[in-house]
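Please look through the structure shown below. The paragraphs after it go from one chain to the contact between the chains.

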Protein chains: 2
Amino acid sequence: MPRRVDHGERRAEIAEALVRAAGRLGLHAVGMRDVAAEAGVSLRLVQYYFESKEKLLLFGLRHLAARFGERVSARVAAAGPDPGPRAVIEALLAAALPVDAESRTFHHLYTSYAVLSVTDEALAAQPFIKDPDAAEATVAALLRRAADAGQLAPGTDPAPAAAGLLALSAGLGTSVLVGQRTAESATEVLTYHLDRVFRPAVGTG
Amino acid sequence: MPRRVDHGERRAEIAEALVRAAGRLGLHAVGMRDVAAEAGVSLRLVQYYFESKEKLLLFGLRHLAARFGERVSARVAAAGPDPGPRAVIEALLAAALPVDAESRTFHHLYTSYAVLSVTDEALAAQPFIKDPDAAEATVAALLRRAADAGQLAPGTDPAPAAAGLLALSAGLGTSVLVGQRTAESATEVLTYHLDRVFRPAVGTG
DNA sequence: ATTTTCGTGATACGAACGTACCACAATAAT
DNA sequence: ATTATTGTGGTACGTTCGTATCACGAAAAT
């Protein structure tokens with residue numbers, strides 16, 4: 001055989017090519033040949049590492065979700081050591097906003113996959129329910145922590161507040177994506193709503 | 001010539017067939033032949049009334065937006081004679097939530113078009129910026145009216161609050177669409193946030 | 001050293017798509 | 001009555017897509 005190659009690594013490279021090509025052409029318009037050209041390999045190789053387009057797309061979605069998770073984690077880590085609930089939530093939600101090319105592509109493709117999942121059973125299963133549920137649980141837990149520390153506005157119910165913040169962030173992201181709103185404006189709206197959930201910090205200034 | 005036919009009416013019928021077929025198959029998967037079959041006409045007729053698929057899709061989007069506008073107006077009108085700001089806003093936002101088959105299709109296709117508009121210049125122009133901007137202005141104006149009447153929670157800024165409510169509604173709609181959240185749960189979250197914007201009514205009970 | 005297996009290339013195939021073309025009947029215009 | 005125009009059907013064309021097939025070199029395995 002020719003030199004053994006790491007299948008996982010190769011599949012990741014091709015998946016990244018899929019993401020890049022789909023970000024440029026739109027997920028609906030990207031074909032196996034586009035992915036091959038973007039990855040700099042032959043059509044046959046894309047077929048070889050992914051038997052069918054459907055499997056390529058599924059892998060691409062998981063790859064995208066994983067990369068997004070890493071991005072969020074990095075943002076949260078960048079919020080400093082032992083950050084408060086608000087800092088974590090802010091990092092979490094801000095990471096989802098399409099403020100640069102990478103996050104724009106994330107939002108664009110994730111929404112594309114979400115739309116596809118409405119009519120495609122194979123796509124409907126995985127990361128459109130579990131991941132957002134986990135994110136919502138995380139934010140809700142952080143809000144409860146903040147409530148215990150007396151950092152929340154009075155009468156705040158962590159569960160619907162968490163659901164609202166995530167839906168707000170997603171909705172703002174879409175409006176940025178279609179050009180209705182600038183990234184700065186979306187960030188301001190997000191900050192406004194965080195300010196209304198969190199009671200202003202006291203005693204530090 | 002054969003009996004003259006109302007082109008506008010015929011185009012509307014075909015556009016409805018497009019909406020139905022796209023709701024079933026997904027906008028990305030619907031073809032001229034599917035639309036023709038759904039409308040019960042020949043492929044040639046779809047070509048005749050819309051010269052190209054692109055024009056059919058554009059008309060379909062405008063048709064969808066118009067129908068959605070009518071639906072919202074009907075909901076607002078159903079809120080009763082001279083409804084207060086909260087009732088109008090509630091009707092407005094609730095109309096956007098995918099709670100039944102029709103609104104589900106609306107949300108599904110509107111999001112599909114929005115995703116397409118990211119990579120399709122012809123689609124990017126019209127109803128993704130103007131309509132939501134108008135909706136946001138309407139809600140903001142209603143909030144200002146409510147603020148003047150002392151019906152808002154203290155410190156509420158109508159502009160970001162309006163933007164937030166619309167983004168919230170859109171985000172909740174998407175989460176319902178992909179099956180992460182039930183329509184009832186989305187309605188509850190929406191009501192929770194309206195309750196936090198509007199100060200409870202006094203003196204009426 | 002031979003055989004097997006793995007990675008890679010080129011290309012062919014059948015289906016589906018959007019569009020173009022041809023034909024014709026029905027009616028309005030002359 | 002003839003002519004021109006409009007609505008409609010059928011169908012063929014060229015392209016593109018996902019997939020399948022054939023071929024072959026290179027390195028493990030024997």
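How many aromatic pairs are there over all chains? In this predicted model, the count over all chains comes to 8 aromatic pairs. A pair of aromatic rings is described by the distance of the centres and the angle of the planes.

Now take chain A as a whole. Chain A has 10 helices and 0 strands, and its pattern along the sequence reads α-α-α-α-α-α-α-α-α-α. Along the principal axes, the C-alpha atoms of chain A fill a box of roughly 70 × 35 × 30 Å.

Next comes the relation between the chains. Chain B is superposed on chain A by a rotation of 180° with 0.0 Å of shift along the axis, and the RMSD is 0.0 Å. The two copies are therefore related as by a two-fold rotation axis. The same surface serves both copies, since 100% of the contact residues of chain B recur in chain A.

How many residues of chain B are in contact with chain A? There are 42 residues of chain B in contact with 42 residues of chain A. About 3,100 Å² is buried between the two chains, and carbon and sulfur atoms give 63% of this area. Of the area that chain B buries against chain A, 18% is supplied by B:V178, B:Q180 and B:Y192, more than by any other three residues.

Charged and polar groups also meet between the chains. The count between chain B and chain A is 2 salt bridges. A:E136 forms a salt bridge with B:R181, where the closest N and O atoms are 2.6 Å apart. There are also 12 residue pairs in polar contact between chain B and chain A.

Which helices of chain B each supply at least two residues of the side that touches chain A? They are α1 (7-25), α6 (101-119), α8 (130-148), α9 (158-177) and α10 (183-197). The most comes from α6(B), with 10 residues. By class, this side of chain B has 20 nonpolar, 15 polar and 7 charged residues.

Technical notes: Residues numbered from 1 in each chain as written. Chains lettered and ligands numbered in written order. Predicted model: local features only at pLDDT ≥ 70, side-chain atom pairs only at ≥ 80, totals over all residues. Heavy atoms only, no water. Least-squares fit on C-alpha atoms with pLDDT ≥ 70 in both. Contact = heavy atoms within 4.5 Å. Buried area = accessible area lost by both parts, 1.4 Å probe. Salt bridge = Lys/Arg side-chain N within 4 Å of Asp/Glu carboxyl O. Polar contact = N/O pair within 3.5 Å; in protein donor to acceptor, adjacent residues only side chain to side chain. Helix = DSSP H or I, 4+ residues; strand = E, 2+ residues; numbered from the N terminus. Nonpolar A, V, L, I, M, F, W, Y, C, P; charged D, E, K, R; others polar. Phe/Tyr/Trp six-rings, centres within 6.5 Å; stacked < 30°, edge-to-face > 60°.
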